[in-house]
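I opened the notebook to look up aromatic rings and helix packing. My entries follow.

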Amino acid sequence: MDQAIAVAEKYAYNYDLREKVAEAVVNYRSDWVIQVAIREAEKLIEPTQSKHYPHAARWLGKAKQAYLQSGRKAEWLACLTRFKTTYARRPSLQKELAKL
């Protein structure tokens with residue numbers, strides 16, 4: 001698992017690779033998955049391009065899975081609330097967040 005994470009970190013620009021590694025290690029390295037997923041979601045949300053919101057929501061879904069897998073539901077709900085509050089004026093994003 002650590003080697004896969006190291007490769008994913010080395011090739012941070014390769015989103016498909018990072019996504020595959022995150023899916024593979026979610027049960028073993030939930031903290032890493034949470035950090036990467038939130039970071040990637042924020043990168044996709046910041047430019048205010050709604051076409052990226054579904055992919056950002058997919059990353060947040062991975063964070064949700066990692067939080068729940070590690071028994072941290074309250075932290076997940078706080079994270080989701082933060083995104084909903086921070087980006088309250090982006091209706092397209094809010095629709096995606098509501099699916100989580």
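I looked up the aromatic pairs and found three in the structure; rings of Phe, Tyr and Trp (its six-membered ring) pair if their centres lie within 6.5 Å. I noted Tyr 11 with Tyr 13 as an edge-to-face pair, 6.1 Å centre to centre and 80 degrees between the planes. Planes over 60 degrees apart count as edge-to-face, under 30 as stacked and the rest as tilted.

The model is predicted: local features need pLDDT of at least 70 and side-chain atom pairs 80 or more, while totals for chains, interfaces and linings use all residues. Residues are numbered from 1 along each chain as its sequence is written, and side-chain values use heavy atoms, without hydrogens and water.

I checked accessibility next. Tyr 11 is partly exposed because its relative accessibility is 32%, and Tyr 13 is exposed because its value is 60% (buried is under 20% relative accessible area, exposed over 50%, partly exposed in between, with a 1.4 Å probe and protein chains only). Tyr 67 and Trp 76 form a tilted pair, 6.2 Å centre to centre with 40 degrees between the planes. Both Tyr 67 and Trp 76 are buried.

How do the axes of H2 and H4 cross, and at what angle? Helix H2 (residues 15–25) and helix H4 (residues 53–69) have axes that come within 11 Å and cross at roughly 25 degrees. H2 is therefore roughly parallel to H4 (angles under 35 degrees count as such). I recorded that Tyr 15, Arg 18, Glu 19, Ala 22 and Glu 23 of H2 meet His 55, Arg 58, Trp 59 and Lys 62 of H4, contact being heavy atoms within 4.5 Å.

Methods: Axes are lines fitted to C-alpha atoms, for helices over the stretch in contact, and angles run from 0 to 180 degrees between N-to-C directions. Helices (H or I, at least four residues) and strands (E, at least two) are DSSP runs, numbered from the N terminus. Angles under 35 degrees count as roughly parallel, over 145 as roughly antiparallel, 65 to 115 as roughly perpendicular and the rest as oblique.
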